[in-house]
Amino acid sequence: MVHEYRSQPRLSLNSNEEEIGLLLAPRLAYFAAVARHEHVTRAAQETGVPQSTLSRAVARLEEDLGVTLFARKGRVLSLTPAGRTFLLSVERALGEVERAAEAVRADVDPTAGRVAFGFLHTMGSETVPGLLRAFRVDHPKVRFTLVQNYGEAMIERLRAGELDLCLTSPVPDAPDLAARRLDEQRLRLVVPDDHRLAGRKRIRLAEAADEAFVTLEPGYGLRRITDDLCAEAGFRPRVAFEGEEAETLRGLVAAGLGVALLPPPAVPRPGVVELTVTAPRAVREIGVAWQAGRPDTPPVAAFKKFLLSRRGRLLGVSEQ
């Protein structure tokens with residue numbers, strides 16, 4: 001047999017796994033075809049590749065491995081024990097590649113692809129389920145990977161390519177991201193039901209300047225908004241407890257451990273009273289963000305278009 005590719009790098013005992021893979025990968029499918037038929041002519045007919053190409057590829061593979069994979073008798077080949085062992089691994093590897101290709105094709109299928117979607121914890125009980133239900137009326141087979149987290153963590157995952165879209169607050173302003181404001185959500189001052197202010201319906205935030213506050217931890221968008229609103233009202237909040245989830249904060253308020261600025265709950269919580277803040281204007285903007293310049297798959301494009309069409313009516317009435 002005539003061997004070619006003499007200018008290509010050779011395998012050696014010092015070759016690392018990546019180099020070995022790059023050298024062997026192009027010839028593995030040819031080897032598997034020849035091994036299945038144990039006949040070069042029939043393998044060439046199946047693959048649509050000239051017999052000479054198959055013969056050279058298999059010979060070069062054996063040379064690179066330093067192992068005889070076939071016992072030859074004319075055009076008829078039979079696998080050696082080493083060849084049978086190698087074939088098992090090659091078939092597994094080729095099967096994994098085929099399954100990966102099928103998976104990525106499925107992910108970009110406009111009718112049944114996948115969207116990696118992130119959102120704030122406070123939007124997980126009603127807003128997001130309602131959005132998904134409405135979207136799937138026209139796109140019943142699109143699949144979602146859902147991630148709940150706080151804003152900064154979601155933006156990191158968006159930049160890392162782990163998310164396609166995320167609903168977050170505040171709406172990010174960064175050159176590597178694209179974002180659109182979709183809605184705003186009123187924040188209320190939540191106090192214990194036996195608090196001195198519990199009989200009120202409305203309050204200026206400055207009236208709570210002497211109260212202990214329970215807030216989300218630094219890094220959460222709602223914590224930043226709370227700090228900014230209190231500063232606008234002329235005071236710095238005295239933080240008694242910090243948490244990671246809004247409903248946990250409501251529980252702390254109900255226990256009499258402080259007051260909190262929170263979005264409305266999905267279900268009214270006993271033990272607390274929620275007051276409308278008249279000044280300053282206590283709202284948080286909700287927006288959708290994605291990587292600037294990153295091409296959208298068809299299902300991502302469809303869901304993005306759907307979210308943008310909900311501008312001004314993203315949130316349910318109970319959450320406004």
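This report describes the fold of one protein chain, from the whole model down to single residues.

**Model and overall make-up**

The model is predicted, so local features need pLDDT of at least 70 and side-chain atom pairs count only at pLDDT 80 or more, while totals for chains, interfaces and linings use all residues. Residues are numbered from 1 along each chain as its sequence is written, and side-chain values use heavy atoms, with hydrogens and water left out.

The mean pLDDT of the protein chain is 86. That score is the predictor's confidence in each residue, from 0 to 100. A value of 70 or more is reached by 86% of the residues. Residues 1–15 stay under 50. For this stretch the model has 25 contacts beyond four places in sequence. Contact means heavy atoms within 4.5 Å. Where pLDDT is low, the predicted coordinates should not be read in detail.

The chain holds nine helices and 13 strands. Both are DSSP runs, numbered from the N terminus: helices are H or I with at least four residues, strands are E with at least two. Of the 320 residues, 43% are buried. Buried means under 20% relative accessible area, exposed means over 50%, and partly exposed lies in between (1.4 Å probe, protein chains only). Among contacts between residues at least 6 apart in sequence, 74% join residues at least 24 apart.

Five strands form an open sheet in the order 4-3-5-13-6, with mixed pairing. Strand 4 and strand 6 are the edge strands, each pairing on one side only. From one strand to the next, the twist averages 20 degrees. Two strands pair if DSSP finds at least two bridges between them. Strands of a sheet pair through backbone hydrogen bonds, either parallel or antiparallel.

| Strands | Sense | Bridges | Residues facing each other |
|---|---|---|---|
| Strand 3 and strand 4 | parallel | six bridges | Alanine 116 and threonine 145 |
| Strand 3 and strand 5 | parallel | two bridges | Phenylalanine 117 and leucine 165 |
| Strand 5 and strand 13 | antiparallel | three bridges | Threonine 168 and glycine 287 |

In a regular strand the side chains alternate between the two faces of the sheet. Strand 5 is covered on both faces. Leu165 and Leu167 are buried on one side. Cys166 and Thr168 are buried on the other.

Arginine 114 sits in strand 3. Its relative accessibility is 31%, so arginine 114 counts as partly exposed. Arginine 143 is 29 residues away in sequence, yet the two C-alpha atoms are 4.6 Å apart.

**Helices against the sheet**

Helix 6 spans residues 151–159. Gly151, Ala153, Met154, Ile155 and Leu158 are its buried residues. They pack against strand 3 (114–119), strand 4 (143–148), strand 5 (165–168), strand 6 (177–186) and strand 13 (283–291). An α-helix has 3.6 residues a turn, so residues three or four places apart point the same way. Glycine 161 follows helix 6 and has a positive phi, near 80 degrees.

Helix 9 (residues 298–309) lies across strand 3, strand 4, strand 5, strand 6 and strand 13. The helix runs at about 40 degrees to strand 3. Axes are lines fitted to C-alpha atoms, for helices over the stretch in contact, and angles run from 0 to 180 degrees between N-to-C directions.

Helix 5 (residues 127–138) meets helix 9 as well: their axes come within 11 Å and cross at roughly 115 degrees. Leu131, Leu132, Ala134 and Phe135 in helix 5 meet Pro299, Ala302, Phe303, Phe306 and Leu307 in helix 9. By class, this contact has nine nonpolar, no polar and no charged residues. Here Ala, Val, Leu, Ile, Met, Phe, Trp, Tyr, Cys and Pro count as nonpolar, Asp, Glu, Lys and Arg as charged, and the others, Gly among them, as polar.

**Two buried residues elsewhere**

Alanine 32 lies in helix 1 (residues 17–37). Is alanine 32 buried or exposed? Alanine 32 counts as buried because its relative accessibility is 1%. Leaving out residues up to four places away in sequence, alanine 32 touches Leu87, Val90 and Leu94. Its C-alpha atom is 7.1 Å from that of glutamate 91, 59 residues apart along the chain.

Histidine 195 is in the loop between strand 7 (188–192) and strand 8 (202–204). Its relative accessible area is 16%, so histidine 195 is buried. With residues up to four places away in sequence not counted, histidine 195 touches Glu211 and Val259.
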